[in-house]
Amino acid sequence: MSVLTRDEAQLRAELLDVHRYTIDLDLTAGDETFDSRTVIRFTTRTDGDTFVEVKPAELRSVTLDGQSLDPESLDQDRVPLKNLTAGEHELRVDARMSFSRTGEGMHRFTDPTDGETYLYTQLFMDDVQRVFAAFDQPDLKAVFELSVKAPEGWTVLANGITEHLGEGRWQAAPTPLISTYLVAVAAGPFHSVRTEHRGLPFGIHCRRSLAPHLDADADEILDVTRACFDRFHEKFEEPYPFDSYDQAFVPEFNAGAMENPGLVTFRDEFVFRSAVTDTERQTRAMVIAHEMAHMWFGDLVTLKWWDDIWLNESFAEYMGYQTTLEATRFTDTWVDFGVARKAWGYDADQRPSTHPVAPDAVDDTAAALLNFDGISYAKGASALRQLVAWLGEKDFLAGINIHFARHRFGNATLADFIDSLAAATERDVHAWADQWLRTTGVDTLTPALSTADGTCTLTVERHGSRPHRITAGLYDLDVTGDGGLTLRERIDLDIPQAEPEPIGKRPALLLLNDGDLTYAKVRFDAESFDAIRTGLSTLPDPLTRAVVWNALRDTVRDGELPPAAHLETARAHLPRETDLALVQGVLAFASAQVAGRYVTPEDRPAALATLRSLCRDLIRRTEDGNNPGLRLIAVRHFIDVSAHPDTIAAWLADGTVPGGPELDPDLRWRILGRLAVLGATGEAAIAAELERDPSATGQEGAARCRAALPDPEAKRTAWEAMFVTDDLSNYLFTATARGFWQPEQADLIREYVPQYYEDAVALAARRGPAIATAVGRWAFPTHAVDAENLALGEACLRDADPATALRRSLADQLDDLARALRVREDRGAEA
């Protein structure tokens with residue numbers, strides 16, 4: 001398999017203008033393959049040679065300007081096109097292509113609930129070549145005209161409006177100029193809800209077995225869609241550039257969603273079949289807004305090469321959160337961003353694999369794929385949020401609209417984007433871009449307070465190089481009330497400071513980056529830290545509390561705050577927390593990282609006991625039924641940290657938690673999974689639960705439970721399913737991997753830790769980037785926080801030459817492992 005380099009793409013773009021693809025897909029040829037016939041009309045500016053990409057099961061014929069080319073000339077997914085003369089050309093490619101089970105190319109899924117089959121494309125980066133022949137790079141935009149033959153009774157969706165011509169034939173309206181990776185097809189017996197808005201057809205679609213759940217939420221999904229659509233038309237002068245807007249919720253999707261113009265695909269977990277919190281509904285709304293923002297930034301104006309992927313993702317990430325806040329009922333979006341997404345960015349930016357938001361060079365598509373990470377999304381969005389705070393929203397949007405007007409239906413670079421912003425402001429955005437987008441790492445801001453003559457002054461010490469516009473919050477103790485922290489005032493600061501800032505009398509708490517407008521770690525002076533330990537939950541603004549919780553998280557990861565102190569703070573303050581995103585985020589970090597990795601095996605039981613006690617308090621607090629979302633979070637986490645089976649086994653037997661909620665499929669599989677870890681259930685119970693819930697999600701739950709059983713034969717079976725047979729789909733692989741490694745079973749699974757590295761390298765080489773990423777993310781033995789595991793991983797990176805995607809995942813996992821070891825060692829040294 002070849003990868004396209006930047007140099008190759010530049011040379012081809014200098015040679016070619018691609019005008020139109022006419023693509024005919026026959027999806028009725030069997031369960032394993034489909035037929036793909038492509039006609040590409042293009043012009044060469046000069047005489048020269050080039051190539052077209054295709055990844056076929058069988059290449060039947062290639063015809064250039066009426067002359068047959070030898071299909072045997074296919075070499076590593078490329079067909080050479082030799083001795084082209086300047087002028088117009090027509091290339092015809094007839095191929096048999098393989099369906100995918102890993103979410104790459106044309107994914108095929110058969111729903112175990114009813115036996116119905118669904119197909120959809122995910123053509124990102126270089127997977128278009130798995131569906132049709134293409135000059136596959138983002139700056140060779142063209143018109144795409146698709147026809148599809150599908151089984152009778154199916155619906156076919158595409159980038160443009162589709163028309164059923166009869167006998168299973170469908171024709172899609174030609175697209176405007178778009179990039180190859182944005183072409184989309186979805187086909188199957190979809191359940192659809194259709195409407196119109198502002199003269200355009202809108203639709204939402206899912207597989208039939210999820211129809212009742214989509215119908216239950218259709219009004220909410222469509223209301224969010226319409227509200228965001230209208231808000232973007234208030235922000236952007238360029239109207240929506242496509243002929244329709246469909247949103248398809250599809251199975252076994254590797255990403256959260258994909259911004260195919262006119263046909264956005266989402267992972268169908270967003271069609272909620274079990275109870276969810278309002279924060280999870282907010283996340284769905286944000287993803288809808290995020291993908292819609294891409295219709296302008298990414299689809300209308302597209303990056304020229306993959307080093308500018310942040311132009312797509314950072315913008316959509318920022319607009320997703322901001323527009324959801326402005327246009328929908330979800331008004332605390334930046335709290336969730338601060339406690340969840342931003343932490344993703346901070347973590348990624350402190351690993352050896354960090355890179356600038358806008359890297360100078362991404363040499364090829366394999367390297368580019370690695371940059372879809374917390375830096376391109378969360379850090380980039382944070383940088384844009386800081387830019388808006390610095391420029392002002394009016395000038396920021398003016399620059400955006402200049403950018404759209406200059407580059408509509410074309411391609412643009414970072415330099416183009418900065419030039420557009422510069423045209424709308426007198427500020428030096430070029431210097432800002434150099435400082436924010438071309439650098440790596442996280443700055444740290446630390447307050448230094450000094451008092452003289454009764455007046456306190458603030459100096460902010462910056463470890464790092466970026467300028468920051470921040471707000472500092474001054475909080476006093478409320479001596480007349482409950483003794484909580486009350487806001488005195490917020491002051492605006494530019495970092496680095498010209499001189500110390502006078503702030504009056506010394507506050508009980510000085511909080512830098514109050515409002516979370518910049519991207520930096522913040523620290524506390526000693527007195528402020530004492531105020532936090534006693535008064536965190538009394539801070540009046542959830543975004544303020546998010547900044548504090550993030551700071552506490554950072555100090556644990558950096559070895560400055562004992563893990564037990566973090567758990568004690570959570571134990572003291574989460575029972576009084578009102579924001580669900582904060583409760584969820586803090587509990588997730590406390591259980592997965594603090595109790596799961598940062599405390600020693602000897603201290604883990606005490607850490608889990610603290611978390612159980614905390615969850616019990618939350619459950620008691622919600623007995624009146626007034627906060628079902630908080631109760632659901634507490635119940636979920638109580639299940640996950642249970643050390644004894646009795647309570648949760650009784651819940652499963654009764655089908656309900658006393659006082660609610662009743663157990664839906666998600667909670668039932670969650671309990672059964674924990675019982676499996678604890679050795680308190682077996683195959684018979686798993687099989688019975690699968691019979692009760694034979695859905696795709698049920699299949700994943702059963703796979704996870706079976707892999708979690710503390711039985712040597714169960715572990716061998718799970719290992720062979722992951723690493724030997726290659727039969728698992730991407731989702732079933734992930735479910736099996738998530739069940740396999742359990743801290744409670746360290747002795748039983750010790751032999752698999754060294755085996756992981758050898759088998760993971762071989763598997764990644766066989767099954768491609770999606771599985772390579774999954775084996776690095778989900779199948780890594782994270783529970784084994786020890787020097788032996790670290791040494792094994794380092795030897796693998798040094799000697800085994802893992803595939804690019806696996807190499808990146810392993811490097812990140814090993815850095816996190818080394819950090820966990822340092823945290824443990826720091827605690828041991830203190831003891």
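**Salt bridges, strands and a buried valine**

Modeller: Starting with helix α18 (residues 665–677): Arg-670 and Asp-666 both lie in it, four residues apart, about one turn of the helix. Bear in mind that this is a predicted model.

Biologist: How do the side chains of Arg-670 and Asp-666 meet?

Modeller: They meet in a salt bridge, at 4.0 Å from N to O. Arg-670 is partly exposed, with a relative accessible area of 26%. Asp-666 also counts as partly exposed, at 32%.

Biologist: How many salt bridges does the structure hold?

Modeller: It holds 70. One of them joins Glu-58 to Arg-96, where the closest N and O atoms are 3.1 Å apart. Glu-58 sits in strand β4 (residues 58–64) and Arg-96 in strand β7 (residues 87–98), so this pair ties together parts that are 38 residues apart in sequence.

Biologist: What about Asp-617, which residue does its side chain meet in a salt bridge?

Modeller: Arg-571, at 2.4 Å from N to O. That pair links distant parts of the chain, with Asp-617 in helix α15 (residues 604–621) and Arg-571 in helix α13 (residues 563–573), 46 residues apart. Arg-571 counts as partly exposed at 25% relative accessibility.

Biologist: Which residues are linked in a network of salt bridges?

Modeller: Asp-217, Glu-220, Asp-278, Arg-281, Arg-284 and Arg-329 are linked that way.

Biologist: Switching to strands. How many bridges join β22 to β23?

Modeller: Nine, between β22 (residues 444–452) and β23 (residues 455–463), and the two strands run antiparallel. They form a hairpin with two residues between them. Ala-452 stands opposite Thr-455 in β23.

Biologist: And what is the phi of Asp-453 in the turn?

Modeller: Positive, about 55°.

Biologist: Which strand does β23 pair with over three bridges?

Modeller: Strand β26 (residues 501–504), in the antiparallel sense. There, Leu-458 stands opposite Glu-501 in β26.

Biologist: What is the strand order in the open sheet of four strands?

Modeller: The order is β8-β9-β14-β11, with antiparallel pairing. β8 (105–110) and β11 (155–158) stand at the edges with a single partner strand each, so one side of each has no neighbour in the sheet. On average, neighbouring strands of this sheet are turned by 10° against each other, direction ignored.

Biologist: How many bridges join β9 to β14?

Modeller: Two, joining β9 (residues 117–122) to β14 (residues 185–188). In β14, Ala-187 is the bridge partner of Leu-119.

Biologist: Last topic, Val-556. Where does Val-556 lie?

Modeller: In helix α12 (residues 542–557).

Biologist: Why does Val-556 count as buried?

Modeller: Because its relative accessibility is 0%, and buried means under 20%.

Biologist: What does Val-556 touch?

Modeller: Leaving out residues up to four places away in sequence, Val-556 touches Leu-561, Pro-563, His-566, Phe-589, Tyr-598 and Val-823.

Biologist: And how far apart are Val-556 and Leu-414?

Modeller: They are 142 residues apart in sequence and 36 Å apart in space, C-alpha to C-alpha.

Conventions: Residues numbered from 1 in each chain as written. Predicted model: local features only at pLDDT ≥ 70, side-chain atom pairs only at ≥ 80, totals over all residues. Heavy atoms only, no water. Pairing = 2+ DSSP bridges. Axes fitted to C-alpha atoms, helices over the stretch in contact; angles between N-to-C directions. Buried < 20%, exposed > 50% of the residue type's maximum accessible area, 1.4 Å probe, protein only. Contact = heavy atoms within 4.5 Å.
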